[in-house]
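This report describes a single protein model, with attention to its confidence, its fold elements and its side-chain pairings. Please keep the sequence and the structure in view while reading.

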Amino acid sequence: MALIGYARVSTDEQTTAGQLDALRAAGCTEIFEEKASGASRARPELARALARIARGDTLVIWKLDRLGRSLAHLLEVIEDLRGRGCHFRCLTSPIDTASPHGTLVLQMLGAVAEYERSLIRERTRAGLAAAKARGRVGGNPKLKQGDTATAQRLADRQRQLYLLELTRSAEEWLPTVRRLRPSRSWAAVTRAVNAKLPPGRHWTAERLRRAVRAFVAEGLADPALLDKVPSVRGNDRLMVLVAGIARANPKLSLRAIGAQLEAMRETTPRGGRTWAAASVKNLLDRARTQGLLERGASVEQLRASDGGPDRAGITRPAGR
C-alpha cells in the first residue's frame, strides 16, 4: 500500500523543495513533481501519478491548491481515486479518505462545489444571452484566424485531457492488454477487456489501440504492446511444448495432452482455456512436418486402436 506524492508549482521561479520535504517526511515512496498552472487540467505529471496509483495506494499532496484551483476538479480526481479503491490525503487539511472524518469533510466540500457549479452555469447562460443580444458570435478569435500556435495549444490540452480520462479507467483495460499483447489480435484483446466490464460499457478495437498508443507516447506503457501480431509461426512455442509432452510419454491421448496444457494454464492458439483434441492434433501434425516427432500413426489413431489413456494419462485396455 504505497504513498504516492504529487508536488506542483506554477512557474520556473518557484521551487518544490518544501513540498518534497513534507511528502518524504510523510512516507511517500515515489513523488511526481510538476511546473504547471493549477488552473490547467492538462498536466502530464499528474496524469502519470494517477496512472501509477494502484488499488490500496494513497495519493498525497501538501496543500489542496497543489492538486487544482477548481474545487470541482479536485473532487473529480478524489472521487475517481475512491472509485478505483485508492485513497487521498492532504497534509495541511483534514482530508484523508481512509478515515471517516476525512470522508465527512470531503462530502461537505462536495456540497459547496455543487453550489459553485450552479452559480457558474447561471452566470454563463446570462453572459451568452447578453452576447447574443449584441450580435456577438462565440469562439476563439485567434483560432478562427488560423493561428497555428493557438491551434497547437488547444490540441495539446485535448491530448492531456484525453490522457487523464484514460488513467481513470486504466485498471479496467491495461492489465489485460499487457497480458495478451502482442501475441493476440486487437479484436481478441478487446473481447477479453469487454468481458470484464458491466453491461452498457464496451471498447472497440480502434479505441483500445488508440488508448494504448497514447500511453506508449507518454512512457506509461511498453512500446512492444503495439507490435504486430506474430504470424502463424507464433504458435511454434505451443507446437514445441506439445511435441515435448508427446515425446516424454508417447502413449498419451490427445485429450490427456490437452488436460496437461490446461493444468499448465496454457491458452489455445485462439486464446481459449479449454483444449480440444483437434487443436492438439494440429500442433502434433505440424511438429511431425518440421521433424520434431517421428512420422507414423497419430496419437488419436493409437488411442483408437488400443483404448488409449484417459485424461490422467493411464492406458485403458480396449473394450473396457
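## Basis of the description

Helices (H or I, at least four residues) and strands (E, at least two) are taken as DSSP runs and numbered from the N terminus. The model is a predicted one, in which local features need pLDDT of at least 70 and side-chain atom pairs count only at pLDDT 80 or more, whereas totals for chains, interfaces and linings use all residues. Residues are numbered from 1 along each chain as its sequence is written, and side-chain values rest on heavy atoms, with hydrogens and water left out.

## Confidence and overall make-up

The mean pLDDT (the predictor's confidence in each residue, from 0 to 100) is 79 for the protein, and 82% of the residues score at least 70. Among the elements, helix α1 (residues 17-25) has the highest mean value, 93, while helix α13 (residues 299-306) has the lowest, 42. Over residues 297-320 the pLDDT stays under 50, and for this stretch the model has 38 contacts (heavy atoms within 4.5 Å) beyond four places in sequence.

The protein has 13 helices and five strands. Of its 320 residues, 37% count as buried, where buried means under 20% relative accessible area, exposed means over 50%, and partly exposed lies in between (1.4 Å probe, protein chains only). Among contacts with a separation of 6 or more, 61% are between residues 24 or more positions apart.

## Aromatic pairs

How many aromatic pairs does a search of the whole structure find? The search finds two, under a rule by which rings of Phe, Tyr and Trp (its six-membered ring) pair if their centres lie within 6.5 Å, with planes under 30 degrees apart counted as stacked, over 60 as edge-to-face and the rest as tilted. The ring centres of W173 and W203 are 5.6 Å apart with their planes at 55°, so this pair is tilted. Because W173 lies in helix α7 (residues 148-180) and W203 in the loop between α8 (186-195) and α9 (205-217), the pair ties together parts that are 30 residues apart in sequence.

W173 also forms an edge-to-face pair with F215, at 5.2 Å centre to centre and with 65° between the planes. This pair links distant parts of the chain, with W173 in helix α7 and F215 in helix α9, 42 residues apart.

## Charges over rings

A charge is taken to sit over a ring if NZ of Lys or CZ of Arg is within 6 Å of the ring centre and within 35 degrees of the ring normal. The charged end of R207 sits over the ring of W203, 4.5 Å from its centre, and K63 lies over the face of W62, at 5.6 Å from the ring centre.

## Salt bridges

Side chains of opposite charge can pair when their charged atoms come close. With a salt bridge defined as a side-chain nitrogen of Lys or Arg within 4 Å of a carboxyl oxygen of Asp or Glu, the count comes to twelve. R48 forms one with E45, the closest N and O atoms being 3.1 Å apart; being three residues apart in helix α2 (residues 44-52), the two are separated by about one helical turn. R48 is partly exposed at 21% relative accessible area, and E45 is partly exposed at 23%. R48 also bridges to E218, with closest N and O atoms 3.2 Å apart. Since E218 lies in the loop between α9 and α10 (236-248) and R48 in helix α2, this pair ties together parts that are 170 residues apart in sequence. E218 is buried, with a relative accessible area of 12%.

In helix α12 (residues 277-289), K281 and D285 lie four residues apart, about one turn of the helix, and form a salt bridge whose closest N and O atoms are 2.9 Å apart. K281 is partly exposed at 32%, and D285 is partly exposed at 27%. Elsewhere, salt bridges that share partners join E30, R52 and D57 into one network.
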